[in-house]
Amino acid sequence: MPKKVVEIIFYGGVKEIGGNKILIRDKGLGKSIFLDFGKSFELSRMYYEFPFNYPESIEELINIDAVPPIQDLYTKSETNFENDPEPTIDAFFISHPHLDHYGHISLLSRKARIFVGQGAKNIIEVGSKLITRKTSPELNYNGLKFETFKTGDEIQIGDMVVKPIHVDHSIPGAYGFIIYTSIGTIAYTGDFRIHGAHKELTEDFIRELEKEEIKVLITEGTHVEFSSGYNEEDVRRKLLEVIDETKELIIADFGKSDYDRFTTFYNISKQVKRSIIVDPKRYAILQGILKIPNIRTKVDLMDPDILVVRDEKKRPTKVEKEILNTIPDEKKISITDISKNGEKYIYSVFFASSRDIKKVSPSRGSIYILSASEPFNEEREISFEKLINWLEFFGVSMYSIHCSGHATPNHLKRLIIHAQPEIVIPVHTLRPILFRNFVNFGDWKIPDSRGSRIVIE
C-alpha cells in the first residue's frame, strides 16, 4: 500500500507578489495537481523589457526558472496541437483570472485538464481575444480547453477531491480551494479580501474552513506589512467628494477587469451627472463579466452615459475595430471631444502612459485619480515619473484612492485563526517572516526559494 505522503513544490509565489505555481503531488493517491499556473512579473522585469523583447520559447522560460522543468507538460506547437503530450500532471486549478495566477497556462499541452470558474473562463477568453501581438509563446492561448466549476462542486481527480469555494477579490470569479488528500485536508486561499464590496463571499469560504480539520493552509499574505484600511464604501465616499469638487476632466485609472471599481465610478457618474468613458478593450471585458451567471451587480452597457472612446489620433487595431463596429455611433466619443468638454466626463484608463495624457491634453485643474495599486503585469510597467512630469505640464493633480483586492493584516490573521490549521504555508508575500510572527499561530513552513518542496506525512 502506498505511503501517505504529500509533496508540495513551490514553482512560483515564493517571496514575491504573484506568479503562483503550486504543485501538490499526493504519493499516497498517485495524483498531482497544480494550484494556479501564473506568470511571475518579477522574473519578467529581470530578463525582459516591455515592449522591446519577450520570451522567445518555452525552453528559454524553463532556463530562467520561470516555468518548471516537468516532462510532457508543455505544448509542442503554436498552431497544431494534435501531437501535444499527455501531461504527467492530472489537473490545473486556477483560482482567479489575474495573469499572475493563470498567465502561463498558455504554455501547457492542449491535452491538459484546466479547471476554472465560469466567470474566470469568460474573462480569460475575452482577454485572449484582445491580444494583438503574438510575439511570444506566453501570449498564445489558442486551443486551450477549460472545465468549469462553481462553489461547492466536488471535483474528483482519482481519489483526490477538490472543492472550490468563492472568495471576494478585485476581479469577479475568484475562488479558494479545499483539497482532500491522503494526509488530510489542504486549503488554498488564492487571493482574497474581507473589506470589499462582496465580503460575504469570503465569509462563506471561512465558514467552510471552520467545518474542516485543516492539515495545511496555503495562504496569500500580500499586504501583511501594510494596508490602507480603505473599504469600497470608503473609496466611494472619497471619490464622490473629489469628483464633485472638480469642474474639469476626471481621469480614472483602475484595472480593466476591476468590475467593483467600475460600478463605483459608474454610480458616482450618475450622481454628478457626468458620462463615463471606457476604451474598446474595457468595454469587451465588461461584456464578458456581465455574462457571468449570478453576477451580483448588473450594469446596462447600453446606458447612453457609458461611452466608448474612438481614438481618431491612431489607427485602431483589428480587434478594436471589430469591437467599435458593434457599438452604436451615438455611444462613441473622440479624443477631441474629451479634450474640449472635459467637465462632462469621467475618462477611465488603465495605467495611462505619458503618450495617452498628451493625446487628451487635459485642461488645467483636471484631476487624475489613481485607483489601483498592484502593477503586476508588463502593460502597467510605465515610467511613473514621466507620467507625473506630463501631469505637471498640463496642470493636473493626482489623488490615490483605492481599496485593495488583498486582505488586511488583521483579516489575514482572522482567516488563519478561524481555519485552525496544523501547518501554515505563506505565499504571494514579500514578508513571510513578518507574516508568521504577526499571526503567531500554528506550525509555519516557509518556502525559501522557487522550487522549494515541503513534504507532509
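Predicted model: local features only at pLDDT ≥ 70, side-chain atom pairs only at ≥ 80, totals over all residues.

Biologist: Is strand S1 buried or exposed?

Modeller: Strand S1 spans residues 6-12. Of its 7 residues, 7 are buried, so S1 is largely enclosed by the rest of the structure. The answer for S1 is therefore buried.

Biologist: Which residue in S2 is the bridge partner of glutamate 7?

Modeller: S1 and S2 pair in the antiparallel sense, over 6 bridges. For glutamate 7, the bridge partner in S2 is arginine 25.

Biologist: Which residue in S21 stands opposite glutamate 7?

Modeller: S1 is also joined to strand S21, residues 452-456, by 5 bridges, and the two run antiparallel. In S21, the residue opposite glutamate 7 is valine 455.

Biologist: How many of the residues of strand S2 are buried?

Modeller: Strand S2 covers residues 21-26 and is largely enclosed by the rest of the structure.

Biologist: Which residue in the turn between S2 and S3 has a positive phi?

Modeller: S2 pairs with strand S3, residues 31-37, through 6 bridges in the antiparallel sense. Within this pairing, leucine 23 has phenylalanine 34 as its bridge partner in S3. S2 and S3 form a hairpin with 4 residues between them, and the turn residue with a phi of about 70° is glycine 30.

Biologist: Which strands are at the edges of the open sheet of 7 strands?

Modeller: The order of this sheet is S7-S8-S9-S10-S11-S19-S20, and its pairing is mixed. An edge strand here pairs on one side only, and this applies to strand S7 (155-157) and strand S20 (443-444).

Biologist: Which residue in S10 is the bridge partner of tyrosine 180?

Modeller: Strand S9 (residues 175-181) and strand S10 (residues 184-188) are paired in the antiparallel sense over 5 bridges. The partner of tyrosine 180 in S10 is threonine 185.

Biologist: What angle does the direction of H5 make with that of S8?

Modeller: H5 packs on the sheet and touches strand S8 (160-166), S9, S10 and strand S11 (214-220). Its direction, compared with that of S8, makes an angle of about 145°.

Biologist: Are helices H5 and H13 roughly parallel or roughly antiparallel?

Modeller: Helix H5 (residues 199-211) packs with helix H13 (residues 409-419) at an angle of about 30°, and their axes are 8 Å apart. An angle under 35 degrees counts as roughly parallel. H5 and H13 are therefore roughly parallel.

Biologist: How many nonpolar residues does the contact of H5 with H13 have?

Modeller: On the H5 side, Glu203, Phe205, Ile206, Leu209 and Glu210 take part, and they meet Arg414, Leu415, His418 and Ala419 in H13. By class, the contact includes 1 polar and 3 charged residues, and the number of nonpolar residues is 5.

Biologist: Which backbone oxygen does the side chain of threonine 246 reach?

Modeller: Threonine 246 is in the loop between helix H6 (232-245) and strand S12 (250-253). Its relative accessibility is 9%, so threonine 246 counts as buried. Apart from neighbours within four places in sequence, threonine 246 is in contact with Arg274, Gly365 and Ile367. At 2.8 Å, its side chain reaches the backbone oxygen of valine 242.

Biologist: Is lysine 273 buried or exposed?

Modeller: Lysine 273 is placed in the loop between helix H7 (259-272) and strand S13 (275-278). Its phi is near 60°, a positive value in a residue other than glycine. Because its relative accessibility is 75%, lysine 273 counts as exposed.

Biologist: What is the phi of serine 361?

Modeller: Serine 361 is in the loop between helix H11 (354-360) and strand S17 (367-370). At 36% relative accessibility, this serine 361 counts as partly exposed. Most residues other than glycine have a negative phi. Serine 361 is not a glycine, yet its phi is positive, at about 45°.

Biologist: With which side chain does the side chain of lysine 270 make a polar contact?

Modeller: Lysine 270 lies in helix H7. Not counting residues up to four places away in sequence, lysine 270 touches Asp303 and Asp305. Lysine 270 and aspartate 305 are 35 residues apart in sequence and 8.3 Å apart in space, C-alpha to C-alpha. The polar contact, at 2.7 Å, is with the side chain of aspartate 303.

Technical notes
Residues numbered from 1 in each chain as written. Heavy atoms only, no water. Axes fitted to C-alpha atoms, helices over the stretch in contact; angles between N-to-C directions. Parallel < 35°, antiparallel > 145°, perpendicular 65-115°, else oblique. Contact = heavy atoms within 4.5 Å. Nonpolar A, V, L, I, M, F, W, Y, C, P; charged D, E, K, R; others polar. Buried < 20%, exposed > 50% of the residue type's maximum accessible area, 1.4 Å probe, protein only. Pairing = 2+ DSSP bridges. Polar contact = N/O pair within 3.5 Å; in protein donor to acceptor, adjacent residues only side chain to side chain.
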